[in-house]
Amino acid sequence: MRSALALFCLGIYAISIMPRLPDIGSGIAALLTILLLFALTAIWWRAPASSWKTFACLLLCLSLGAGRAVYHGLIITESRLPAALEGRDIWVEGQVEGLPEGASAGSVTYRSGGQQTRFQLRVEHSCLRLLPENCEESAPVLTGHLIALNAYGSVTGEFDGGAGAVPQSGETWRLRVRLNRVHGFANPGGYDFEAAQAQQGIVARGYVRATTFNQRLRPAAWSIDQWRIQIRKQVYATDTLQFPGLLTALTTGLRSGISNGQWDTLTATGTNHLMVISGLHVGLVATACYWIINLLARMSASMLERIPAQRLAALAAVLGAWLYSAMAGFSLPTQRAVIMVSMLMLVQLLGRQVLPSYRILLAMAAVLGFDPLAVTQAGFWLSFVAVGALLLLFAGPQQLAQPVRAQSNRLRWGQHASLVWLKPQFAVSIALLVPLLLWTGQVSWISPLVNLLAIPVVSLWVVPLALVGIVLLPVSSAAAQWPLEGADTGLIILMQGLESVARWLPLWQGPVISPLTVLCVSVGCLLLLLPRGLLPRWPALLLMLPLLAPPRADRPGPGELWLQMLDVGQGLAVLLQTSHHSMLFDTGTALGPDYDAGRAAILPALKQAGIQQLDVLIISHWHQDHYGGLSSILDSVPVTRLVSSAPVRFRDFNGVSDASMQPCRSGHYWQWDSVEFRVLHPDPTERGGGADNPNNTSCVVHVSAGSHALLLTGDIEAPVERRLLIQQGDLLAADVLLAAHHGSDSSSTEAWLRQVAPDWLLVSAGYRNRFGHPDPAVLQRARALGIEVLRTDHHGAVTMTLGGPGQAQLKGLHRREQRRFWHNNPSGEYGKVAGKSAGD
C-alpha cells in the first residue's frame, strides 16, 4: 500500500517537471494503457500473489498519478487566454471572489497616483462586441475561470465616486477589460509566479477599462468573504490595538496589514509561519479540539458505550480544522492542512490502527490528487517534511511508550517536558534545513530557540484570545475589546522580543549547494532524526560538514566575463562577473509601493550566483525603470562603489556614504582580472542633449574581455548615438550590444548598428508592454544586418560568456532551460532564430 501511494505521488511529480504535456495522441495511448492495466489487475486480483501482479498494480498507481496530473495540466493549458485576444477589449460578466486588495505588488505594472484595487473575477459570460447590448451570445473563452484584474480609481468613469464604483467581494459585475496571459519574471533562483497563478486557477491578468457601461449587476449576498471583511473592519476600528494587521492575519488570513518591516523581522527570526493562518495553526486548532472533546467524552460513561472517545475527538478535530480554515477563505495552505488533518483522522474515525508512514503518504496522495500543482510550491514540501520529522521522532517504542506508562516515573518532569516540547522544535528545524536552503537559500539559526517561546505565546495566548474577540464582535464590541486587547498585548511583548533578536542578524545565508551536498546533508539529517539506537548518529556530524565550507560559487576564468541580463519586466538590470569582481548595471523597476525588481528578481539571482558583495553598481540614469530596485539592493548587499551621471541622487537612499559615490564620466577606465571597462558617455564638457532628456545622460560602458566586447547603453537616443559615432569611432565595436531604451525606435539607428556590428542584440522589455518595445523597426534593422536578438519578454534571463575562444557564447535562456507546461512561452521569429543558437 505504501509503495502504491508513493508511486501515485511520483507520477504526479514526474509530470510537474515536464517542459510540455504529452500531445493528444500520447494522452489517448496513455489512457488506453491505464485501462488495460486496470483490466489486467482486476483479472489477476483473485489470482495467487506473484511478482507480475504486484508490478502491474504498482505500474497502475504510477499511471493513475501521471494521468491525474496530465488531465489537470490539460485543463490549465486549454483554459489559457487565446493569444489573439491579448491586448483586446473584452466584455466579461462574473462574480468577484476573494477579498479585493489595495495597491500591492505583483507582476502587473503599478501606476502611481490614484486608488488601485486588485481583485479576482469568476467569469460567467464573455463577449467580443463593442457595446454590451450587442452581447446576446457568450464567447467561448474564459467562461467558468478566474481572471485577476486591476482597477485604477472608479471603474464606472472618473466622474463617478459612488460606493458602487469599485467592485467588492461577492458582487456580480459586467466590466470591459483588457487582458494578457499570465506572465511572470523568469530568472535563476526566482519565484515561479506563473505556477502560483496556475495553482489558484487564474488564467489571465489585466485591468478594467473605465467606462460608464461598466455596471454592477447584482449586490453581494452573505458569504464567508463578507464575514471576513466585516471582521477586518471591526478589528481596525478598535483604536486601542497596536497590531491590528497581525491580528487580522491570525483570524482571517489577510496579510495585507503586515508591513514590510514586520515581515522582515518575522523572517529573520524564523517565525513568519506564526502570523498567518497556516498549516501550523490549523493543526493546533485540530489538536486542541481533539483533546478537549476526548476529555469531555471520557466523562460520560453512556457516551463511551455508544461511540469511542477517540472517534468523537477525531470528528471534532476535522470540524475544527474546517471551521478555522473557513476563516482564512479556504486559502491554498489551509486547504492542504485540512486535507492532511482529515486523512490523519480518517483512520481514527474508521477505528483502525495504521502506521504513521501510511497516514502521511495517504495525506500526500490526497493533497496531490486534489491539487497536482501543489508539488510546485515550497509550502507543500515544508509541511510534509515537518510532519514526517515529527512522526519519525515519535515512531520508536521508547519515545512513544515510556513517557505515558509506568516507566515515566524514572523520568524527571523536566525530561518529559523536553521530550514533549523541546525535541519536536529541534527535530523540525533539522528536517527543514535542506528544504529551506533549496527554496530560500537562507536559514534562521536562532529559529528553534525563538519558536520555543513564540509558539506558546501565539498558540496559547494570542490566537485563543483573538478568536474569542472575533466571536464576541457581532454581539458586543465592548465585550470583544478586552480579549482583542489581551491578544494585542501578547503581540506587543512578542514583537519587541523578536525585534531585539533580529538585530543579531540571525539569518544564515547558506552556500550554493551541489546535488552531492544535498544528498550528504539529507542523510545526516535523517540519521539525527531516527529513533535512538537504530543507527549510530556520529556520522551525521561528518555529513553536515559541507555546509560549513565557505561558498565556492562558479566564477569566470581570468580574462573571461559572464553576462546575465535579468528579466525585470519593463526595466533593465544586467549582472557582470569576472574572476573576483561583480558589477550590476541598473536595478530594474518598482512594482508597487512595497515591492520592486530588486527584491523580486535581482536578489534571488545574486543568491543563486553566490554573490555576497557588489564592487560596482551603476545607475545609468534616474528613471524609475532603471533605479526602482535600488533600495532593496542597498538594504541587502554591500556595495563598494555607486556610479551614476548624477551621483548626488544616491543621498536619497539610506546608508549611502559620500565616499562610495562616483560620477559616471567619459574617459573613466578600470580593469578587473584582465577585463577592461571604459565609460564612453556622458561627457561633462558637452552641453545640451541631456538637460531636457534624462535618457541622453545615460552611462555608456564598453567592456572588453579578450577578443570579445560588450556595449551597455542605458536609454541613449539617436542624437547621442550620432555623437558617439563621431567621437568614439572604432571603440564602439562589440560582439554583444544592449539595445538602448528597451528597443525603442528612438534608438538603435541603422548607422549605429552597422558601426557596432554586434552578433547579438539584447533587449530588456516587459511582456506586451504599453510602449510597444521592442519596436518592429528595430527588429527589422537587426534582421537585415544578420543580428540575432535575445529579449527578456520571450526568453527570460539571458546568460552569455565573453572572453573565451571563438565567438561569444550563449550559455542559457532561462525560459527555455526551465520550461514547464504551465509557463507562457511567447513564440516569435526571433525567438526561433535565437533558440537555434541556444540549443533545445
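The legends below describe close-up views of a predicted model.

**Figure 1. Overview of the protein chain.** The protein chain has 840 residues, of which 50% are buried. Its secondary structure consists of 29 helices and 25 strands. Among contacts with a sequence separation of 6 or more, 70% join residues 24 or more positions apart.

**Figure 2. The largest nonpolar core.** This core contains 45 residues, and the members that touch the most others are L247, M275 and L491. At least two core residues come from each of the helices α5 (224-237), α6 (244-252), α8 (279-297), α10 (309-327), α11 (332-349), α17 (447-472) and α18 (477-502).

**Figure 3. Surroundings of M275.** Leaving out residues up to four places away in sequence, M275 touches L246, A249, L250, I258, L266, H281, V458, L491 and L494. One of these partners, L491, is listed together with M275 among the residues that touch the most other members of the largest nonpolar core.

**Figure 4. Packing of helix α6 against helix α18.** The axes of the two helices come within 10 Å and cross at roughly 110 degrees. Because angles of 65 to 115 degrees count as roughly perpendicular, α6 is described as roughly perpendicular to α18. The crossing of α6 past α18 is right-handed. On the α6 side the contact is formed by L246, L247 and L250, and on the α18 side by L484, A487, D488, L491 and M495. Sorted by class, these residues are 7 nonpolar, no polar and 1 charged.

**Figure 5. Q199 in helix α4.** Q199 sits in α4, which spans residues 193-200. With a relative accessible area of 10%, Q199 falls under the 20% limit and is therefore buried. Apart from residues up to four places away in sequence, Q199 touches L332, R336, D371, L373, A374 and Q377.

**Figure 6. L543 in helix α20.** L543 belongs to α20, residues 538-544. The relative accessible area of L543 is 23%, so this residue is partly exposed. Once neighbours within four places in sequence are set aside, L543 is in contact with C520, V521, V523, G524 and L527. From L543 to C525 the C-alpha to C-alpha distance is 8.7 Å, and the two residues are 18 residues apart in sequence.

Technical notes: Residues numbered from 1 in each chain as written. Predicted model: local features only at pLDDT ≥ 70, side-chain atom pairs only at ≥ 80, totals over all residues. Heavy atoms only, no water. Core = buried A, V, L, I, M, F, W, Y, C linked by side-chain atoms within 4.5 Å. Buried < 20%, exposed > 50% of the residue type's maximum accessible area, 1.4 Å probe, protein only. Helix = DSSP H or I, 4+ residues; strand = E, 2+ residues; numbered from the N terminus. Contact = heavy atoms within 4.5 Å. Axes fitted to C-alpha atoms, helices over the stretch in contact; angles between N-to-C directions. Parallel < 35°, antiparallel > 145°, perpendicular 65-115°, else oblique. Left-handed = near helix turned anticlockwise from the far one by under 90°. Nonpolar A, V, L, I, M, F, W, Y, C, P; charged D, E, K, R; others polar.
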